[in-house]
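Today I am looking up aromatic rings and charged side chains.

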Amino acid sequence: MKLLSETLARVKPSPTIAVTTKAQELKAAGRDVIGLGAGEPDFDTPQNIKDAAIAAIAAGKTKYTAVDGIAELKQAICAKFKRDNGLDYEPAQVSVSSGGKQVLYNALVATLNPGDEVIIPAPYWVSYPDMVLLGGGTPVVVECQIEQNFKMTAAQLEAAITPKTKWLIFNSPSNPTGAGYSREELRALTDVLLRHPHVWVMTDDMYEHLAYDDFEFCTPAEVEPRLYDRTLTVNGVSKAYAMTGWRIGYAAGPKELIGAMRKVQSQSTSNPCTISQWAAVEALNGTQEFIAPNNEMFVRRRNLVVEALNAIDGVTCPVPEGAFYVYPSIAGLIGKTSKSGTRIDSDEAFATALLEETGVAVVFGAAFGLSPNFRISYATSDAALTEACARITAFCTDLK
């Protein structure tokens, strides 16, 4: 009898975590490494949020809570959805988990049966397909090329839907591309979904507040209220509030689905960290004034990276509408050889050689389902980005 399950054999570890771990190991060994792999703001958690956590500890708010969140946080989430998205939810329709990843996982495990299909536009966040596999479902990947700004068209969605389709996972602004769907683009997709009432929508809105220039964020149930009863709207405090390590994600949707997700969580982690929940209450209810200046810094960094990458022969980098990633194509570099003799026959070979020869850590595009590309997280200092881009430029220029 084998120790490990057949289900586990279907999935792989997170490539983004692997890149970050490798960069940390090289740093520990004395290498000069610039890590551009982690999707984590370099800003500190705002002081008012930290103070709320300290106050919760001082008040003894350190015990178990309801499985899927305290009432105060659920009320703050309902207020947030109303304020920011025009969506009306009641606390019984809200689930709070230990990060957005657990929210998505709970929903998939609670709803998928063998043979159920989940449509995932690519490039995608690395965990989507593997969570579907862990839930017993089948990922259906729809490739969205650079020529369409990495966004799925209505025709592509229509073609991907079958009688077995259970979910569409929708992420805007996107990890890894930063691409954001306009209201018109999203309306075209929701029109398709209205024609297929058996398909549910799982939105990953984690980068909602990281929207730049004239891009205006919108979410499916907001654009098309008729999808409200089959949409799980997912969000969290990790990115805009610089709270990645606090591990709080949340979602709102139909009561039956939320109840099923609660059942899964009750037999896995139980409640999210109590102190983090109280911090999240302050994040959602407190001042939002720091978001705009933080976004100004992200825009400056985005422009710095995009300009540098587009100046490299063989590299094409679209300007993203949000998040803090760029996803340049290296189609013009495939087939070349690095200074140390490594043949660049894939984006994974590119990322490996780049790290080994220059100390710049990026994530290869195949991890996100679309090649040949790589992802840079520009959520780090201007100085680090400037140096990293200089190294990337020199590396690409030396390719023969």
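Is Phe298 buried or exposed? I find Phe298 buried, with a relative accessible area of 1%; buried means under 20%, exposed over 50% and partly exposed in between, with a 1.4 Å probe and protein chains only.

A note on the source: this is a predicted model, where local features need pLDDT of at least 70, side-chain atom pairs count only at pLDDT 80 or more, and totals for chains, interfaces and linings use all residues. Residues are numbered from 1 along each chain as its sequence is written, and side-chain values use heavy atoms, with hydrogens and water left out.

**Aromatic rings**

I pair rings of Phe, Tyr and Trp (its six-membered ring) if their centres lie within 6.5 Å; planes under 30 degrees apart count as stacked, over 60 as edge-to-face and the rest as tilted. By that rule I get 17 aromatic pairs. Phe43 and Phe298 have ring centres 5.0 Å apart and planes at 50 degrees, so I logged the pair as tilted. The two sit 255 residues apart: Phe43 is in the loop between strand E1 (34-35) and helix H3 (47-58), and Phe298 is in helix H12 (residues 291-310). Helices (H or I, at least four residues) and strands (E, at least two) are DSSP runs, numbered from the N terminus. Phe43 is buried too, at 15%. One aromatic cluster holds Phe43, Tyr207, Phe298, Phe324, Tyr325 and Tyr378.

**Around Asp204**

I found Asp204 in strand E6 (residues 200-204). Asp204 is buried yet has no salt bridge, meaning a side-chain nitrogen of Lys or Arg within 4 Å of a carboxyl oxygen of Asp or Glu. The nearest side chain of opposite charge is Lys239, 8.7 Å away; Lys and Arg count as positive, Asp and Glu as negative, and His and the chain ends are not counted.

**Salt bridges**

I count 22 salt bridges. Asp68 and Lys74 form one, with the closest N and O atoms 3.0 Å apart, and both residues are buried. Glu185 pairs with Lys151 at 2.9 Å. That bridge spans 34 residues, from helix H8 (residues 183-194) to the loop between strand E4 (138-143) and helix H7 (154-160). Glu185 is partly exposed at 32%, whereas Lys151 is buried at 8%. Last entry: Asp42, Arg300, Arg301 and Asp382 are linked in a network of salt bridges.
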